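Subject: Structure handover

Hello,

My notes on it follow below.

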Amino acid sequence: MFFSVIVPVHNVQKHIREALDSALSMDTSFYEGPKEDLYEIIVVENGSSDETPGICDEYAARHEELSVIHKGKIGLYAARQTGIREACGDWIIALDGDDIVSEKLLFELYRFISGMEKTESKADIIYYDAADTKNRYKAMTGHPFESGRVYKGDDKKLFYDLICRGDSLNSMWSKCIRKSIAYLGRENMYLNYGEDLYQTAEYADMAEGIAYIGKILYYYRCEEGITASYNTLFLDNQKIVWK
């Protein structure tokens with residue numbers, strides 16, 4: 001079982017060190033081999049104009065399990081999909097360049113997937129809770145799912161309803177995705193806004209099962225990020241997504 005952490009980055013020099021440090025510091029004590037045999041980190045640099053590219057290269061030079069792809073300004077969707085395409089992992093974990101993953105993320109995913117593989121249950125998407133970086137003990141949203149359960153067939157309707165009703169399930173960083181369904185292609189499409197929904201909706205259709213771990217395993221920086229301000233591309237991007 002091998003995990004790929006995909007980190008698309010653009011002008012995040014203020015927070016990228018903390019984000020990468022969190023990914024590099026995930027607990028791997030449960031795993032008998034070296035951590036580079038358990039997971040990799042792929043940073044996709046998306047046309048930054050600040051010090052982000054240099055910082056990422058600095059980390060890649062010091063950490064064998066971390067690599068950087070420089071693509072120019074291709075947009076968040078294409079950057080994320082580029083990383084997924086290059087990933088070697090069986091499972092894809094999303095991390096945004098200004099957020100933080102819990103040190104227990106790999107442990108909880110490894111334990112859940114190992115247990116799932118011993119049964120006939122199969123999930124291609126595993127959701128988990130997230131909290132604000134400033135309030136790490138309270139989940140940002142409440143989910144009506146049973147922790148540890150795999151939802152299949154008609155039971156997936158509960159996820160469909162929430163995906164259509166709001167954005168509590170849309171974020172790429174709230175889920176771990178099986179590599180076999182994660183790469184959607186279309187990397188020539190420039191999409192910064194709504195890319196989470198664009199991918200999540202398709203993943204939900206392709207997934208044989210969807211599971212949920214009722215633990216806070218991700219920390220989101222609410223006061224910043226691409227959704228914290230308005231951009232003239234927003235409406236054009238949303239038209240693409242909803243079409």
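First, a definition: buried means under 20% relative accessible area, exposed means over 50%, and partly exposed lies in between (1.4 Å probe, protein chains only). The model is predicted, so local features need pLDDT of at least 70, side-chain atom pairs count only at pLDDT 80 or more, and totals for chains, interfaces and linings use all residues. Residues are numbered from 1 along each chain as its sequence is written, and side-chain values use heavy atoms, with hydrogens and water left out.

Salt bridges

The structure holds 18 salt bridges. The criterion is a side-chain nitrogen of Lys or Arg within 4 Å of a carboxyl oxygen of Asp or Glu. Helices (H or I, at least four residues) and strands (E, at least two) are DSSP runs, numbered from the N terminus.

Take Glu18 and Arg136. They form a salt bridge, with the closest N and O atoms 4.0 Å apart. Glu18 sits in helix α1 (residues 16-24) and Arg136 in strand β7 (residues 135-139), so the bridge links distant parts of the chain, 118 residues apart. Arg136 is partly exposed, because its relative accessible area is 33%. Glu18 is also partly exposed, at 37%.

Next, Glu187 and Arg85. Their side chains meet in a salt bridge at 2.7 Å, N to O. Glu187 lies in the loop between α6 (179-182) and α7 (195-206), and Arg85 in helix α3 (residues 76-86), so this pair ties together parts that are 102 residues apart in sequence. Glu187 is partly exposed at 21% relative accessibility. Arg85 is partly exposed at 34%.

Then Arg178 and Asp124. This salt bridge is 2.6 Å, N to O. Arg178 is in strand β9 (residues 175-178), and Asp124 is in the loop between α4 (105-117) and β6 (125-132), 54 residues away. Both Arg178 and Asp124 are buried. Separately, salt bridges with shared partners join Arg17, Glu58 and Arg62 into one network.

Second largest pocket

The search ran on a 1 Å grid over the protein atoms alone. A pocket is an open set of points where a 1.4 Å probe fits, with protein on both sides within 12 Å along at least five of seven lines; lining residues have an atom within 4 Å of a point. The volume is the space filled by probe spheres set on the points, which are joined across faces, edges and corners.

The second largest pocket has a volume of about 170 Å³. Its lining includes Tyr160, Cys164, Leu197, Tyr198, Asp205 and Trp242. α5 (157-165), α7 and α8 (233-242) are the elements that give two or more residues. The largest share, 5 residues, comes from α7. By class, the lining has 9 nonpolar, no polar and 1 charged residues. Here Ala, Val, Leu, Ile, Met, Phe, Trp, Tyr, Cys and Pro count as nonpolar, Asp, Glu, Lys and Arg as charged, and the others, Gly among them, as polar.

Helix α7

α7 has 12 residues and reaches 17 Å from its first C-alpha to its last, close to the expected 16 Å. The expected span is 1.5 Å times one less than the number of residues. Among the buried residues of α7 are Glu195, Leu197, Tyr198 and Tyr203.

Strands

β6 and β7 pair in the antiparallel sense over 2 bridges. Pairing requires that DSSP finds at least two bridges between the strands. A hairpin through 2 residues joins β6 to β7, and Ala131 stands opposite Ala139 in β7.

Regards
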